[in-house]
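Grab your viewer and work through these exercises one at a time. Each comes with a solution to check yourself against.

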Amino acid sequence: MTPRPAKPTLGERILRRVMPVKKAAALVGDLDEEVTTRTSQGVSRWRTNSWRALQIASLWWAAWRINRERATTECAGSAPVRWLDGTQRDVRHGLRSLRRRPTLALTAVLTLGLAVGAATAVYGVLDAVVLRAVPGPNAARLVSVSYTLPPPNLIGSSLNHDGVDDAAERTSVFERVGAWKPKPIKATATVNGEPADLLGAEVSTSFLPLFAVAPELGRWFLAEEAEPGRSHVVILSDSLWRSAFSGDPSAIGRSLIVDGDPYEVVGVMPDGFDFPRAAVRFWVPDTATADERVSMQHDHIAIGLLRPGVTMASARASLATMLTRMGQDRGLQLRFSIDLLRDQLVGRAGRVLVLLFAAVGFVLAVACGNVSILLLISHSARARETAIRLSLGAGRGELVRLALVESMLLGLAGAMLGSALAVLAVQAVHAFGPATIPRLLLTRVNIGVLAFAIAVSIAASVLAGLLPAVRSLRLNLETSLGDGLFVAPGGGSLASRHRGQALLVLGQLVLVTVLVVGSCLLLRSLVKLLTVDVGFNPDRLMAVEAALPEPPTSTTPHAVITDPAARHAAIGQAVAARQVLVDQLLADVRAIPGVESAAAMTFVPTGSGGAFRAGLGVERTAGEWTPLPEHARDQQVTDDFFKTLGVHLIAGRTFTTADTWGAPHVVVVSEGFARLGWPGQSAVGQYINENMGRDGRPGSTPELVQVVGVVANLRYELAAGDEPQIYYPRRQLDHPEIGLLVRSAPGSASVEQLVMNRLQSDGFRALGYLAPMVDAIRGSIVEPKFYALVLTLFAIVSVVLAGVGVYGVTGHLVSQRTREMGVRLALGARREQIGALILRAAGTLALIGVVAGLMGAASLTGFLRSLLFEVTPLDAASFAIAPVVVALTAFVAGLGPARRAGKIDPATLLRG
Amino acid sequence: MPKSRGSIATPVRDLELHVLLAVLAVGAEAYPLAIRDAIVERTSRRVSRAAVFITLERLEDKGLVRSWYGDPTPVRGGRAKRFFRATPAGIAATRAALDLLASMSAGLDAQLKRS
């Protein structure tokens with residue numbers, strides 16, 4: 001069989017731009033052969049890759065050259081060729097001119113490279129995490145819809161198929177709807193005769209078409225494939241198709257063995273389609289039966305494709321009406337939420353990345369200012385040369401073009417350096433980036449990202465070259481060619497000559513101050529996080545999340561029961577049946593030698609998930625319900641949860657075995673909740689109404705629970721702050737998953753494996769491995785640490801760049817005023833006075849820059865609020881540190897030129 | 001566009017002559033990698049892949065070599081080789097260049113040995 005061509009590599013795609021596809025493939029094939037030889041000779045991967053990149057670049061250049069030769073032969077003398085020749089001449093001139101000033105060229109390229117590298121890396125991350133989070137052209141119209149029932153009627157659930165179909169039928173906002181189960185399927189498939197553990201997703205048959213990404217091979221699911229019995233079909237990801245079927249197109253119709261059963265392959269999705277998460281390798285149709293759907297025990301998330309032109313607001317309004325009606329039909333009161341799918345998938349990380357992108361924009365602007373200053377200085381040093389050119393008849397337009405070509409050359413070199421740095425930065429992100437940011441590991445420096453680097457670099461360099469280019473238009477020939485003592489070359493007074501540079505440095509100092517304040521805020525917040533009290537004792541405490549086994553007795557799906565009393569009883573029965581399983585597990589775990597205590601909750605602290613309860617009301621004055629201003633984090637816990645975790649009981653009691661479904665429903669709240677709900681009053685004995693409407697008014701039938709205890713606040717996420725927390729006894733309200741907490745006895749042997757075995761033998765499905773809580777706490781600060789470090793890195797780079805800017809401008813000031821200073825010295829001025837003159841110039845710039853920067857920071861740090869922990873956006877310490885850093889930088893940068901000014905020898909100068 | 005013309009052999013440059021000779025030497029298996037290896041082996045001259053590529057393209061434009069694609073092979077990631085063969089005009093040009101060298105160097109053996 002003819003092997004199927006491999007996917008074109010980046011190098012091949014680059015070569016395809018300048019030659020036919022087959023020719024490019026043959027050349028890359030030649031290179032691959034050599035790569036194989038080099039690898040077998042033990043040449044390192046890094047060296048081989050660098051060699052390959054160099055070869056691709058030289059082949060690209062060769063192809064470009066041969067194309068040009070052909071074009072020249074065929075259309076010599078035509079306008080494009082003349083233009084090309086003209087450009088070539090300009091480029092040669094630019095290169096010569098830069099070679100004459102290597103320090104300027106090197107500094108400018110390094111500056112641009114650093115900033116472009118940082119910007120490209122951040123763009124690469126943004127591209128992978130945010131822009132590509134939802135594949136296909138419909139990303140801006142795909143919304144996620146979920147609804148929940150007010151507790152304690154039901155476990156929080158999402159809109160199911162039944163609801164989805166209703167939504168589609170009853171509203172006009174959606175073009176199409178589909179649903180998926182957020183919980184991935186873990187399956188063992190036979191790949192190349194070997195069993196491989198894969199993740200798959202269960203989706204409705206209408207789900208994949210929503211994205212408008214056509215399968216690479218085969219087709220999407222058919223509607224009838226959702227029916228039980230017809231559902232043994234699978235759609236593969238591109239990577240699974242390549243590994244399991246070696247990319248063979250005849251895979252369609254063949255079988256993939258999943259968990260021992262053959263599934264017919266009906267389609268292959270193209271490379272890059274990896275919804276809902278990168279690790280998903282296959283999709284199977286959701287086969288929930290009608291009863292299961294109605295029972296809402298199968299968590300689904302509905303996705304709707306909004307009709308073109310429908311806004312989120314109108315979709316929300318339309319769904320609200322529809323869901324209210326749907327709820328009324330079933331005698332339930334539904335709460336719903338609708339979010340843009342992309343926002344839901346990306347979450348907070350997306351917003352933070354946009355902030356980092358803005359920050360890197362500041363770095364880029366500082367770099368741009370630097371290059372502009374360098375070019376201005378160089379331009380002013382060459383003013384005489386330019387004046388001579390003008391007087392010999394060169395057009396001003398031509399001079400502007402030359403200046404711009406020169407800065408574009410710097411831009412191109414900056415782009416190359418920036419791309420290389422971005423590749424390194426992306427490798428660093430892979431190695432050190434927090435795994436909690438979804439899709440972060442998919443960050444690549446691909447063609448789009450490279451194009452971004454080149455575009456940004458050239459735009460930055462042109463922007464930087466604009467001011468010097470315009471200056472050449474305003475050149476005064478008479479003064480430039482003269483040699484006046486106090487007239488700067490290029491004409492104009494000194495003040496006006498330096499105004500442009502001074503303004504650029506000022507702008508830099510403003511931006512740098514903002515960045516330094518921002519990074520100080522994040523660093524201070526990080527320090528607070530590292531020293532936070534988590535509210536419980538994490539020593540010897542381990543946790544694992546696990547799914548409950550199906551209860552032994554079948555229970556009637558309660559949502560189909562319309563009689564409220566009967567439904568209430570059915571739910572109680574289900575909760576009790578599940579509690580028996582949890583009690584048994586806890587008893588078994590406690591019996592393991594070396595286990596001190598064990599308990600269960602819903603989501604373990606610093607774990608993967610959490611649930612929040614909205615619509616809670618408190619009764620501060622009799623008969624008047626006030627909505628709680630914040631959502632409360634809710635947990636369903638077993639009786640000895642507080643004892644096992646070591647949470648301090650402040651007032652009242654914790655739960656007992658008597659708090660069952662039939663008993664009055666009770667809760668324990670955190671100190672933060674009590675403070676928020678009943679300021680200045682005791683919370684114990686108070687009632688909470690769980691049926692508050694979105695309008696802040698209580699619903700028609702109050703659903704009351706009584707507070708029986710107040711405990712210390714727990715840090716579920718270190719950065720969560722004093723959020724209100726509410727605890728329900730598991731015997732009254734449960735969840736299909738538990739977070740099992742085990743505290744081992746001091747000095748006991750390892751109990752992890754025994755606990756995991758016990759979980760399995762009791763029928764629980766572990767969703768991870770029993771891990772020490774101390775590690776989890778450490779892991780939970782990885783993300784804030786990453787953001788703080790990245791922003792600090794940006795701040796450091798920009799401080800260095802601004803230092804170079806100040807140094808350039810003050811140095812230039814010295815060289816421009818050397819003669820004047822010589823005269824001053826000859827007339828009796830002291831050397832210190834001359835040095836102070838320069839330092840004063842730098843100091844004035846720094847002072848104005850810092851003051852304006854602090855004002856800017858004060859108006860911008862609000863955007864960082866969500867990232868800060870126990871530090872306000874106007875934190876005094878950060879606002880005090882930043883000016884010191886910036887002023888010190890300006891002072892150090894001005895020191896060299898000031899010393900140089902002090903060493904001027906008036907005798908030599910005036911003689912010369 | 002081939003530009004071979006009648007009985008007058010197309011003049012070839014230094015590297016073009018080397019490449020043509022290498023194409024003839026390697027024979028049926030002449031693809032860029034083998035051609036480059038043949039030049040390096042016979043002359044110890046370092047030739048870049050880009051130079052070999054440009055030269056082969058120029059020779060094809062002049063109608064001195066002809067290229068075609070073979071079958072994809074797995075060792076090359078499923079990519080085909082591009083093979084080259086000297087055309088009659090190419091063989092004539094090679095012969096003419098070698099003849100030129102021979103006639104120019106005739107009777108110079110003594111001087112050449114001396115230096």
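**Exercise 1. Work out how many helices and strands chain B has, and in what order they come.**

Step 1: count the elements. Chain B has 5 helices and 2 strands, where helices (H or I, at least four residues) and strands (E, at least two) are DSSP runs, numbered from the N terminus.

Step 2: read along the sequence. The pattern of chain B is α-α-α-β-β-α-α.

Step 3: look at burial and contacts. Chain B has 115 residues, and 43% of them count as buried; buried means under 20% relative accessible area, exposed over 50%, partly exposed in between (1.4 Å probe, protein chains only). Among chain B contacts with a separation of 6 or more, 56% come from residues 24 or more positions apart; a contact is heavy atoms within 4.5 Å.

A word on the ground rules: this is a predicted model, so local features need pLDDT of at least 70 and side-chain atom pairs count only at pLDDT 80 or more, while totals for chains, interfaces and linings use all residues. Residues are numbered from 1 along each chain as its sequence is written, chains are lettered from A and ligands numbered from 1 in the order in which they are written, and side-chain values use heavy atoms, with hydrogens and water left out.

**Exercise 2. Describe how α1(B) packs on α4(B).**

Step 1: get the geometry. The axes of α1(B) (residues 14-26) and α4(B) (residues 88-105) come within 10 Å and cross at roughly 120°. Axes here are lines fitted to C-alpha atoms, for helices over the stretch in contact, and angles run from 0 to 180 degrees between N-to-C directions.

Step 2: classify the angle. That makes α1(B) oblique to α4(B), since angles under 35 degrees count as roughly parallel, over 145 as roughly antiparallel, 65 to 115 as roughly perpendicular and the rest as oblique.

Step 3: list who touches whom. On the α1(B) side you find L17(B), L20(B), L21(B) and L24(B); they meet G90(B), I91(B), T94(B), A97(B), L98(B) and L101(B) in α4(B).

Step 4: sort by class. The contact of α1(B) with α4(B) has 8 nonpolar, 2 polar and no charged residues. Ala, Val, Leu, Ile, Met, Phe, Trp, Tyr, Cys and Pro count as nonpolar, Asp, Glu, Lys and Arg as charged, and the others, Gly among them, as polar.

**Exercise 3. Find which strands pair with β17(A), and in what sense.**

Step 1: start with β14(A) (residues 612-613). β14(A) and β17(A) pair in the antiparallel sense over 2 bridges, and A632(A) is the bridge partner of R613(A). For two strands to pair, DSSP has to find at least two bridges between them.

Step 2: go to β22(A) (residues 725-729). This strand runs parallel to β17(A), joined by 5 bridges, and I726(A) is the bridge partner of D634(A).

Step 3: check the cover. In β17(A) (residues 632-637), 6 of its 6 residues are buried. One side carries A632(A), D634(A) and Q636(A), the other R633(A), Q635(A) and V637(A).

**Exercise 4. Explore the surroundings of G849(A).**

Step 1: G849(A) sits in α24(A) (residues 831-860).

Step 2: at 0% relative accessibility, G849(A) counts as buried.

Step 3: skip neighbours within four places in sequence, and G849(A) is in contact with L506(A), L509(A), V510(A) and T513(A).

Step 4: check a C-alpha distance. G849(A) and A887(A) are 38 residues apart along the chain, with C-alpha atoms separated by 9.1 Å.

**Exercise 5. Inspect the backbone at A212(A) and R540(A).**

Step 1: recall the background. Most residues other than glycine have a negative phi.

Step 2: A212(A) has a positive phi of about 55°. This residue is in the loop between β4 (194-203) and β5 (217-218) of chain A, and is partly exposed at 39% relative accessible area.

Step 3: R540(A) has a positive phi near 60°. Its loop runs between α16 (494-530) and β12 (541-547) of chain A, and R540(A) is partly exposed at 32%.
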